[in-house]
Amino acid sequence: LLNFWTTWCPSCRKETPSLIELYDTFKKKGLVVLGINVGQHHKIVKKYIEDKKITFPVLCDIEGIVEKQYKVGGHPTHILIDKTGKMTGKSLGARNWMNEKNRRLIQYLLDYAE
């Protein structure tokens with residue numbers, strides 16, 4: 001799950017706790033959450049990661065190159081990629097990743113990918 005975000009985005013900030021919980025819940029089953037911060041200096045991002053206790057890996061796309069490759073039109077944007085590297089889904093806007101619907105979706109995708 002690629003998560004394109006910024007520290008100044010209210011929707012991004014709102015969904016951060018559920019992304020952390022999703023990752024912590026499903027990482028042993030093979031889920032990879034990769035946060036991709038767009039356009040911000042790594043010092044700002046590092047402080048945010050520490051303050052929010054983010055447990056999943058975060059990369060900095062300072063120039064927005066990766067964002068452009070995935071045609072991200074706003075934040076947060078989520079892109080699901082399967083184990084073969086194929087994009088299987090894309091969504092825009094904050095999500096509660098730990099609600100029943102999203103947990104079931106992730107569980108299904110992890111089961112299907114085996």
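Mentor: Let's start with Lys-47 and Asp-51: they are four residues apart in helix H2, so about one helical turn separates them. Helices here are DSSP runs of H or I with at least four residues, strands are runs of E with at least two, and both are numbered from the N terminus.

Trainee: What do Lys-47 and Asp-51 form, and how far apart are the closest N and O atoms?
Mentor: They form a salt bridge, with the closest N and O atoms 2.8 Å apart. The term means a side-chain nitrogen of Lys or Arg within 4 Å of a carboxyl oxygen of Asp or Glu.

Trainee: Before I go on, what kind of model is this?
Mentor: It is a predicted model, where local features need pLDDT of at least 70 and side-chain atom pairs count only at pLDDT 80 or more, while totals for chains, interfaces and linings use all residues. Residues are numbered from 1 along each chain as its sequence is written, and side-chain values use heavy atoms, leaving out hydrogens and water.

Trainee: Is Arg-104 buried or exposed?
Mentor: Arg-104 is exposed, with a relative accessible area of 56%, whereas Glu-100 is partly exposed at 45%. Buried means under 20% relative accessible area, exposed means over 50%, and partly exposed is in between, using a 1.4 Å probe and protein chains only.

Trainee: And which residue does Asp-24 form a salt bridge with?
Mentor: With Lys-27, where the closest N and O atoms are 3.9 Å apart. Asp-24 is partly exposed at 36%, and Lys-27 is partly exposed at 38%.

Trainee: New topic: what order do the strands of the sheet have?
Mentor: The order is E3-E2-E1-E4-E5, in an open sheet of five strands with mixed pairing. Two strands pair if DSSP finds at least two bridges between them.

Trainee: Why is one side of E3 and of E5 left without a neighbour in the sheet?
Mentor: Strand E3 (58–61) and strand E5 (87–92) stand at the edges with a single partner strand each, so one side of each has no neighbour there.

Trainee: How many bridges join E2 to E3?
Mentor: Four, and the two strands run parallel. Ile-36 stands opposite Leu-59 in E3.

Trainee: What about Gly-35, where is that found?
Mentor: Gly-35 is in strand E2 (residues 34–38), and it is buried at 0% relative accessibility. Leaving out residues up to four places away in sequence, Gly-35 touches Asn-3, Trp-5, Phe-56, Pro-57, Val-58 and Leu-59. Touching, or contact, means heavy atoms within 4.5 Å.

Trainee: Now the inside! Which residues touch the most other members of the largest nonpolar core?
Mentor: Leu-1, Leu-22, Leu-31, Val-33, Phe-56 and Ile-106 do, in a core of 20 residues. Helix H1 (10–26), helix H2 (42–52) and helix H4 (100–112) each give two or more residues to this core, and H1 provides the largest share, six residues. A nonpolar core is a set of buried Ala, Val, Leu, Ile, Met, Phe, Trp, Tyr and Cys residues joined through side-chain atoms within 4.5 Å.

Trainee: What does Leu-31 touch, not counting residues up to four places away in sequence?
Mentor: Leu-22, Tyr-23, Phe-26, Ile-106 and Leu-110. Apart from this core lies another one of six residues, including Phe-4, Ile-36, Val-72 and Ile-79.

Trainee: Last one: how many aromatic pairs does a search of the whole structure find?
Mentor: Four. One of them is Phe-4 with Tyr-70, a tilted pair at 5.9 Å centre to centre and 50° between the planes. Rings of Phe, Tyr and Trp (its six-membered ring) pair if their centres lie within 6.5 Å; planes under 30 degrees apart count as stacked, over 60 as edge-to-face and the rest as tilted.

Trainee: Is Phe-4 buried or exposed?
Mentor: Phe-4 is buried, at 0%, while Tyr-70 is partly exposed, at 28%.
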